[in-house]
Amino acid sequence: MEWTYFLDLFGTFVFAISGVLTAIQKKFDLVGTLVIGFVTAIGGGTVRDILIGRSPVGWIQDNNYVYVIIIALIGS
C-alpha cells in the first residue's frame, strides 16, 4: 500500500470527525450526527467520481473507508 492511500484514509477520518463535531455543535440528534459525519467524509469524493464518470464511486470499492468513518464517528 502506498503512503497516499494512508493519507487519503486519514483525511477521510479527519473530515468525519469534523462533520460530527459540527453536527454536535448544531445540536443534531444521533442519526443526524452520523449522517452529517458520513456525508462530510465522503461527499466531495463521491461528487468528483460522479462528475468524471467513475462508477462505482471510490468508497464503495474499498470497505476501509467505511470502517475508518465508523471508527471516527464512534471515537468522537
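## A buried threonine and the aromatic pairs

Thr 12 counts as buried because its relative accessibility is 6%, where buried means under 20% relative accessible area, exposed over 50% and partly exposed in between, using a 1.4 Å probe and protein chains only. The model is predicted, so local features need pLDDT of at least 70 and side-chain atom pairs count only at pLDDT 80 or more, while totals for chains, interfaces and linings use all residues. Residues are numbered from 1 along each chain as its sequence is written, and side-chain values use heavy atoms, with hydrogens and water left out.

Thr 12 sits in helix 1 (residues 3-25), helices being DSSP runs of H or I with at least four residues, numbered from the N terminus. Apart from neighbours within four places in sequence, Thr 12 has contacts with Ala 41, Tyr 65 and Ile 69, a contact meaning heavy atoms within 4.5 Å.

Rings of Phe, Tyr and Trp (its six-membered ring) pair if their centres lie within 6.5 Å, and planes under 30 degrees apart count as stacked, over 60 as edge-to-face and the rest as tilted.

| Pair | Centre to centre | Angle between planes | Class |
|---|---|---|---|
| Tyr 5 and Tyr 65 | 6.3 Å | 85 degrees | edge-to-face |
| Phe 38 and Trp 59 | 5.4 Å | 85 degrees | edge-to-face |

Tyr 5 in helix 1 and Tyr 65 in helix 4 (residues 63-75) are 60 residues apart, and Tyr 5 is buried at 19% relative accessibility, as is Tyr 65 at 12%. Tyr 5, Phe 6 and Tyr 65 form one aromatic cluster.

Definitions and conventions: Helix = DSSP H or I, 4+ residues; strand = E, 2+ residues; numbered from the N terminus.
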